[in-house]
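I opened the notebook to record what I looked up in this structure. The entries follow the order in which I looked.

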2 protein chains.
Amino acid sequence: MNDVVDFININRDRYVDELKQYLAIPSISALPEHASDIRRAAQWTADALTAAGMHNVRLIETPGNPVVYGDWLNAPGKPTILFYGHYDVQPVDPLNLWTTPPFEADVRDGEIYARGSADDKGQVFMHIKAVEAHMKKAGHLPLNIKFFIEGEEEVGSVHLDEFVRTHKSELAADVVVISDSPMFDRGIPSICYGLRGLTYFQIDLRGSKSDLHSGSFGGAVANPAFVLAQILTQMKDKSGRIRIPGFYDDVRPLSEAERAEWRKLPFNETRYRKDLGAPRLFGETGYSTLERVWARPTFEVNGLLSGFTGEGAKTVLPAVAMAKVSMRLVPDQDPKKIGDLFEAYLNKLAPKTVELKVTRMHGGKPWMTEFDNKYVRAAGRAIEKGFGKAPVFNREGGSIPVVSTFQEELGLPSVLFGVGLPDENAHAPNEKLDLSNFHNGIIASAFLYEEIANLE
Amino acid sequence: MNDVVDFININRDRYVDELKQYLAIPSISALPEHASDIRRAAQWTADALTAAGMHNVRLIETPGNPVVYGDWLNAPGKPTILFYGHYDVQPVDPLNLWTTPPFEADVRDGEIYARGSADDKGQVFMHIKAVEAHMKKAGHLPLNIKFFIEGEEEVGSVHLDEFVRTHKSELAADVVVISDSPMFDRGIPSICYGLRGLTYFQIDLRGSKSDLHSGSFGGAVANPAFVLAQILTQMKDKSGRIRIPGFYDDVRPLSEAERAEWRKLPFNETRYRKDLGAPRLFGETGYSTLERVWARPTFEVNGLLSGFTGEGAKTVLPAVAMAKVSMRLVPDQDPKKIGDLFEAYLNKLAPKTVELKVTRMHGGKPWMTEFDNKYVRAAGRAIEKGFGKAPVFNREGGSIPVVSTFQEELGLPSVLFGVGLPDENAHAPNEKLDLSNFHNGIIASAFLYEEIANLE
């Protein structure tokens, strides 16, 4: 392993240069106009796997964006890792808030700024470079590995469940490794053992056939923007508790033991608040901030649009109003069931003065594992070798729906080892990745294969 | 007058051709990028006045858009009309809902479709053509007239009060004539004796310094889009009554006599609802639709914007949320006082989890006159001659703030004689003006000067 680590250290700058090329491709899966960029990013990923010495590298078509596959299976008797990541990225608006263009990676103060740097191209590339280092120095890997890099994670991995179901034998493995989550804090590497799920909707209300003059007609008809506000308001009470009937029925209560563990974590609420630039923190009464984010479900408005939104004043009574809303779910909530409860409640709330259209966008199940399984422990040792520090164990507020799918369809445990930081601005302007974490992550990944290979 | 009417009838097609040129200028006062179009529209208006035989025609600069002035004062001993109108127009978004381009006037089924056709270029042009007919056929007007056409009506006539105050002697007259309101219904000409006032605001909330990942941070901070919904909801109760403390204190109650008059008007609520394309009508409990629109104040959301509003799903927790809101006011509410009450209530409602910024955009006072004054009666006779039918007397839900200014600063009564229709789509896509009303309006305007000239 010394040779491998030396190789990684020597190639540090090259890795950054290559990563910049990867980050230059605007592979935004949410926007149809980027379809060709999606394909370019898939091909770039495939080429990088080939260059790293992987076999059977190819794009596998789906009804949506292609999956990139590559493997190295020449270690008979050794475990097989299924590495999962994604090459698609979030949209970049509002573009004017980016300090440097989102697809021209810029290194400042040891961080690389670009859309996809942390979520998830940088972390995918970290593993590609770790296998490359093994292949270059040892000529082989200590275990078997299958790379499975998808292009629809940021739009809810809509075709992934079906793909996994129909490719069970090709994806067969012993453990899934995913690097698509932040570490607990700068200098505090972590392993994530729980994720929230998601269900996402668009609500469209129509109050009239076209926009009306708010003077001539104001007072005579319902204002869909106001009705939308009324409906949204009824989704949560003042204490932050969600009012959808039945919403909490399947929520697994936090154990006192887990709450006690989390209280020990070095979490600085004041710094957290300042990093976010929030006047105050706010969340469900009766829970700490970490508990709210990791173990409690949410109802969020992701977008609002109605009427006149330009500069100045226009006295319009809008014909339509739109909201994008989503709920983060925790074990054992089911996105389908929660989505049904939400739709039923929404239909009950919507007055007959407006036409309601509900569109279910996507969803994913929450996930949780035991953190004392052997793979998690192996990852802990690898991280300690890469970062010089034992990891903490945490949950994450985000969603990686495929983790549940791997558990249910392939019977596989997952190890979630992420090297982003909580302030990495995933899904926001000025997304970034700390380059020393990226570098230590390559070393830790290289050790991870070794540690898992040596499990009896 | 027979010669004048013949001339108007003969020139019918020419008027439409000329109006099309006027409507081709996108003089949108709300959008700074149309500044040069504003100036072009002002100059076009001035040229039309000159061509009609008016004197002293010029653009008078203001701190904003220029006022177009022109007069004819060669009828000593006769009354002087101050004609007020505006050459600016509303924005055109959403552009995709226009059947034909908003600035390429299109005649279909006897209506001319274009932004500004009804509000207010078409109605301004109607008077320019009426004086032209008098000048061409008689060589003079039966009375004195001053044209005063402004370019900021659609942005709240922000510089007009000051202009009127500082140009009192130039604007001195006996009566103001305004054609900037719809008639009661197709085939039912009307004279408007009351207008609502307006106060307009933009509300900006900020919950964090940048957009956040709704998974990683959802539950920890207030969502400004949700807080905005909560705040807006508290502005009105379920019965449509506004909850701003003190809001109704100065509202003049509707008299039983006025309510009885309005009940006699040929108002078809079912057709009205269908024309608007509204699933149901809705308004303040205890009032009829006409009462709600003409004599009761409103609180309306004119625009909403927050987070991700594009196609697809983006799991963003928005940093900011914006609403444009406005209140229509009735006698004797004062926009300044109501604005202060609104701001105080807003500041009380906004939680400390968000930063609140309130911007007061513009406002105007409500107005009401006695409808049995001699000018109103003269207008009634003129309308009967132009349309072959005596007018009804109504109020209007919209606002023409300058009417109050003329009353207060110049001591002048106003005659509001509009020829638009309630479904003319002022402030909405597919704005239009009925060409027979336009034509009859030119004849009625020509008679109006005659009738006012003959008042003892």
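Which residue in E5(A) is the bridge partner of Val107(A)? I looked it up, and the partner is Ile112(A). I note at the start that the model is a predicted one.

**Entry: a sheet in chain A**

I followed the two strands of that bridge. E4(A) is joined to strand E5 (residues 111–113) of chain A by 3 bridges, and the two run antiparallel. They belong to an open sheet of 3 strands in chain A, which has the order E4-E5-E18 and antiparallel pairing. I wrote down strand E4 (106–108) and strand E18 (432–434) of chain A as the edge strands, since each pairs on one side only.

**Entry: domains of chain A**

I looked up how chain A is divided. Domain 1 covers 2–195 + 366–453, and domain 2 covers 197–251 + 297–363. I found their C-alpha centres 35 Å apart. Their contact takes 8 residues from domain 1 of chain A and 11 residues from domain 2 of chain A. On the domain 1 side I listed 5 nonpolar, 3 polar and no charged residues.

**Entry: chain A against chain B**

Next I looked at the contact of the two chains, which takes 87 residues from chain A and 86 residues from chain B. By class, I have the chain B side as 38 nonpolar, 34 polar and 14 charged residues. Among the elements of chain B that give two or more residues to this side are helix H7 (224–233), helix H10 (289–295) and strand E13 (320–329). E11(B) gives the most, with 9 residues. I then checked what E11(B) pairs with: strand E11 (residues 298–307) of chain A, in the antiparallel sense over 5 bridges. Within this pairing I found Ser306(A) opposite Leu304(B).

**Entry: Asp423(B)**

Is Asp423(B) buried or exposed? I have Asp423(B) as buried, because it has 20 C-beta neighbours inside 10 Å and the cut-off for buried is 20 or more. I placed Asp423(B) in the loop between strand E17 (414–416) and strand E18 (432–434) of chain B. I also looked up Leu433(B), 10 residues from Asp423(B) along the chain, and found their C-alpha atoms separated by 9.5 Å.

Key
Residues numbered from 1 in each chain as written. Chains lettered and ligands numbered in written order. Predicted model: local features only at pLDDT ≥ 70, side-chain atom pairs only at ≥ 80, totals over all residues. Domains from an automatic or database assignment. Contact = placed C-beta atoms within 7 Å. Nonpolar A, V, L, I, M, F, W, Y, C, P; charged D, E, K, R; others polar. Helix = DSSP H or I, 4+ residues; strand = E, 2+ residues; numbered from the N terminus. Pairing = 2+ DSSP bridges. Buried ≥ 20, exposed ≤ 12 C-beta atoms within 10 Å, placed from the backbone.
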